[in-house]
Amino acid sequence: MARKPRPRSVSLIPSLPLHAEKAVTGRLLGFEVLAPNLSLLESQGYRDASSRLKGCLCWFTNEVLDDPDDSEPLVSFLSDLVNKLQAEVARFSKDPGATAACALAEFAARVTAFAAAPYDPLERLERLVTAVARTTSDYYKAFQTTVPPSLWASTHPVVSFQGGKIGLSFLPDVHLQVLTVFGTEDQPSAQVFIRICPRWLDVETIATLPRALLHEYIAHVPQGPHLGARTHPDANDIFAEGWMDYIPYCLSIGSRTARTLSTPT
Amino acid sequence: MDDENLTYFRGVLSAEQIQAEIARFWGELGSSPELDAELKAAGLDSGGLSSTQEADSITVHVGASGADPVSTLLIIVFAPTANRVLRDLWTTVLLPRIQRRWGEDSIGTKATAEVSESDT
């Protein structure tokens, strides 16, 4: 069902409930710091230690999702998370333990910085969506394709969290969903629904989110407005999504190359 | 009276878990300022609701089951004496509360609704 667009003066994305915010922030900050170190551990031959560290981050952040009544503040939760991971890493053997301890010292510093200047991760997501919309608008302009500015002005993101497992229809290992629903109530509008699954939020999913959003804005938002959700030709048809993704990819590469060539050095 | 009930596909939560969430709501009624504000915003009177509060005023039943748990239907049954009020309560307060706590997919889509959406 199409809904009325939200007023621009308020945040476009409502906050997550505290327990989901703790899980999402824990994973976003955790993977931001740990991802390169997990790769380092693997390159050193300690794949088991890497898996253990990653598994513990997921386990401890999942625990909070199972307890929506827990009122422990976000910063306190993050500090506890670091402590729990450090306790786990203390049981690692010497060499992988040293690498993991360095990674967690970095994570602790990141949490301290967050505590000094906390932010809502969804505010960052809102900024990402704004950047994606601006990039998409520039993209169409670059190819002399006229898209009315009102189309972008009446496009709004809606974020929700999911308790179960979700994935892209053509890439189920990426645990998010982005879809566009068009409305024509007061004026043509589009809502881009971003479904996040804290329990399955991993490095691949976090890395894919900007590209999935860009795909949605380039390939689907200008398809509207139509009443209701866009109908997929075949939910199992990889080609149906793939060609639309591939063309913007080729065009963006071409655009980037052209800009590079035209930029004075 | 079946038409007065609501049927959903099963989501993440089982019938027992949803029933526990309903019990939790009744337990908080009258003692949670946050809940009172939610009810007021939805145009519902918490005092009036207290009179409808019985163990079986809103119950969750499993409508069909099979090997595939996703295809299970959950039927939300409202006591006939206050059917309309309880339905409003479910739709405007209880269901959004459950979805806020356990995720948008905690309860599936309405079984009667047409499902037509796709991702990216």
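How many helices and strands make up the secondary structure of chain A? I looked this up in what is a predicted model, and found eight helices and four strands in chain A. Read from the N terminus, the order of the elements is α-α-α-α-α-α-β-β-β-α-β-α.

Among contacts in chain A with a separation of 6 or more, 78% join residues 24 or more positions apart.

Next I turned to helix α3 of chain A, residues 74-89, whose 16 residues should span 22 Å at 1.5 Å a residue; I found its end C-alpha atoms 23 Å apart, which agrees. I listed A:Phe77, A:Leu78, A:Leu81, A:Val82, A:Leu85 and A:Val89 as the buried residues of α3(A). Seen down the helix axis, these buried residues fall within an arc of 140°, so they line one face of α3(A). On the face turned away from the buried side, I found the exposed residues A:Ser76 and A:Ala87.

What do the buried residues of α3(A) pack against? I found α1 (18-43), α2 (47-65) and α4 (94-116) of chain A.

Lastly I followed α2(A), whose axis comes within 10 Å of that of α3(A) and crosses it at roughly 145°, in a right-handed crossing. The residues of this contact include A:Leu53 and A:Phe60 of α2(A), and A:Leu81 and A:Lys84 of α3(A); I counted them as nine nonpolar, no polar and three charged.

Conventions
Residues numbered from 1 in each chain as written. Chains lettered and ligands numbered in written order. Predicted model: local features only at pLDDT ≥ 70, side-chain atom pairs only at ≥ 80, totals over all residues. Helix = DSSP H or I, 4+ residues; strand = E, 2+ residues; numbered from the N terminus. Expected span 1.5 Å × (residues − 1). Buried ≥ 20, exposed ≤ 12 C-beta atoms within 10 Å, placed from the backbone. Arc of directions from axis to C-beta. Contact = placed C-beta atoms within 7 Å. Axes fitted to C-alpha atoms, helices over the stretch in contact; angles between N-to-C directions. Left-handed = near helix turned anticlockwise from the far one by under 90°. Nonpolar A, V, L, I, M, F, W, Y, C, P; charged D, E, K, R; others polar.
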